[in-house]
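Good morning, and thank you for the time.

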Amino acid sequence: MNAGLSLEQAPPLSVPLRFFLSAPLFGLAAAGLLLWRGPDVLASRWSAGALALSHLLALGVLSMVMCGALWQMLPVLAGVRVAQPRRTGALCHSLLVLGTLTLASGFLGAGQNAFRVAVLLLGLGLGAFLTVMGHALIRAPHAQDSVRGMRWALLGLAGTVGLGVTLGLGHGGLGLPLWRWPLTDLHLAWGLLGWIATLIAVVAWQVVPMFQMTPPYPLRMRRWLAAGLFVLLGWHSLAVWRGWPLARLPALLLALVLAALALITLRLLSRRRRKVADVSLAFWRVGMRALLLASVIGAASLLASPTAAARLALAATLLFLLGFALSVVNGMLYKIVPFLVWLHLQQRLATRIEVRHSIVLPNMKSIVPEKRSRQQFALHLAALLLLLLGVLLPTLLRPAAALWLADFALLEWNLVQGVLCYRAECRHIDHYR
Amino acid sequence: MLTNFLIADHRDCDALFATAENAASDGDHATASTAFAGFEAAMARHLSIEENVLFPEFEARSGMAGGPTAVMRMEHEQMRAMMLQMRRALDGRELDDFLGLGETLHILIQQHNMKEEQMLYPMCENALADSAQALLERMRAY
């Protein structure tokens with residue numbers, strides 16, 4: 001009975017970790033690109049450098065972590081185990097890594113073939129991811145708000161990939177170059193809102209009340225937000241595509257919904273019952289403030305004159321990617337990675353019955369020391385502020401890039417420390433007499 | 001009905017945990033110790049209600065003795081071990097250790113509760129619909 005239900009604790013540790021450990025390396029690549037090419041990269045969102053940079057961040061950093069986390073979260077949230085996690089995880093991960101690198105090289109001038117290969121790799125990798133996760137979510141025996149929300153997020157990703165593949169084939173000389181302008185805008189909108197914002201919202205209403213002991217998110221928001229974003233995006237897409245009147249209305253409504261998500265989250269966080277201020281909370285707060293600001297600036301860009309609109313849209317996009325999504329993802333990593341290390345050590349220890357009461361495992365705060373994660377948070381904040389100033393004063397962009405480099409390096413270092421701690425403790429457990 | 005009672009019990013335990021943790025992070029050892037004792041008692045009661053009342057009933061009716069409840073029982077053991085370590089840290093006035101262990105226990109409990117609240121309790125509710133009232137009274141009186 002109920003064969004779909006599994007309350008097992010987790011897939012093998014290597015499955016999510018390979019995604020988590022790769023992400024900061026793509027961040028380093030993105031920061032390195034900005035440092036190397038300088039302010040020209042952000043002179044226009046159409047520049048090759050800007051496109052390479054945004055895909056290194058959106059695919060290599062954000063989607064990388066989000067995909068890895070879903071492998072971990074589905075069994076807990078939906079009671080479904082993903083089939084063959086080790087094999088499918090490794091496959092999606094390697095295709096995503098190679099595809100993102102090839103795509104970035106295509107934008108940086110590696111030629112049409114790079115785009116063709118990138119489309120193939122990313123189409124296969126993300127297609128496989130969507131198939132595996134979609135299959136698990138359809139089977140989920142208990143369709144809670146979060147399961148429904150995740151289904152919308154996966155549809156958002158599917159839309160983004162579909163548009164991206166079309167655009168990529170165009171770059172590869174195989175498709176429709178004519179429609180590049182509206183398609184690019186729609187690809188961006190679906191990626192940022194239909195995939196990234198939707199998934200983060202769903203995760204937020206699950207983990208914010210849980211980790212910080214806040215009141216729950218309003219029921220109406222949990223029930224309608226993900227579907228609402230999807231419908232508004234559909235309306236926006238048709239309006240852009242068919243040149244409908246009032247095309248800006250759905251875009252303004254999208255900004256309004258995201259601003260509401262940010263404000264409600266900030267309000268809930270201020271009413272939390274746990275007073276211990278951990279670094280994850282700091283990341284969430286910065287992330288939600290950035291989302292609020294990005295929504296306001298994004299809305300302003302819709303109403304501004306064309307020259308001002310381009311700058312405002314760039315600022316809103318940067319704030320969204322680096323201020324909102326990256327901050328939240330970064331904060332989550334500091335909860336997930338130490339906990340998973342501890343959980344897997346605990347399971348390993350449980351198999352050594354004769355010594356399990358003699359060994360004391362490290363707790364989460366000694367697996368990744370709070371002091372180091374605080375230092376990384378400070379770097380993250382400084383880099384974010386300098387980058388935003390850099391939109392106004394481009395000479396600041398190189399120093400900002402240098403700070404991002406240090407920021408991602410320290411994040412990677414902190415995560416690697418967690419893994420090294422895991423290895424050392426495993427040896428300790430295995431050889432303890 | 002069962003679900004609501006057990007979820008409310010989870011929240012009560014959470015509240016006691018937060019009080020102990022908040023006091024410990026303020027360095028208030030006495031308050032932390034009292035609140036943590038309350039948490040230990042509430043948790044002990046909640047875990048044994050599940051293990052001695054709810055799970056046996058569910059296992060008997062559904063025939064799933066080695067399935068979801070076995071995982072839940074194992075996680076209960078993990079929690080008990082963590083609480084013991086926290087008690088030792090508190091008695092030894094190692095408040096930093098207490099907080100580090102607390103963070104770990106907190107996430108362990110929350111992901112456990114999520115599985116119970118979203119999956120196991122609704123399953124119990126289905127399997128035990130006809131005896132829910134009697135069960136609820138046994139749990140209340142426990």
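The lining of the second largest pocket divides into 27 nonpolar, 12 polar and 2 charged residues; here Ala, Val, Leu, Ile, Met, Phe, Trp, Tyr, Cys and Pro count as nonpolar, Asp, Glu, Lys and Arg as charged, and the others, Gly among them, as polar. This is a predicted model, in which local features need pLDDT of at least 70 and side-chain atom pairs count only at pLDDT 80 or more, while totals for chains, interfaces and linings use all residues. Residues are numbered from 1 along each chain as its sequence is written, chains are lettered from A and ligands numbered from 1 in the order in which they are written, and side-chain values use heavy atoms, with hydrogens and water left out.

The second largest pocket holds about 840 Å³. Among the residues nearest its centre are H55(A) and H187(A), and α2(A) gives the largest share of the lining, 9 residues. Helices are DSSP runs of H or I with at least four residues, numbered from the N terminus. By pocket I mean, on a 1 Å grid over the protein atoms alone, an open set of points with protein on both sides within 12 Å along at least five of seven lines; a cavity is a set where a 1.4 Å probe fits but cannot get out, and lining residues have an atom within 4 Å of a point. Points are joined across faces, edges and corners, and a volume is the space filled by probe spheres set on them.

The largest pocket has a volume of about 1,100 Å³. Of its 34 lining residues, R45(A) and D185(A) are among the closest to the centre, and α10(A) supplies the largest share, 9 residues.

The largest cavity contains about 250 Å³; Q111(B) is one of the residues closest to its centre, as is F339(A).

How much area do the two chains bury between them? Chain B and chain A bury about 3,200 Å², 68% of it on carbon and sulfur atoms, where buried area is the accessible area (1.4 Å probe) lost on being put together, summed over both parts. On chain B, M114(B), Q118(B) and M119(B) lose the most area. Three salt bridges cross the interface, including R274(A) to E103(B) at 3.0 Å, N to O; the rule requires a side-chain nitrogen of Lys or Arg within 4 Å of a carboxyl oxygen of Asp or Glu.

Notes. Helix = DSSP H or I, 4+ residues; strand = E, 2+ residues; numbered from the N terminus.
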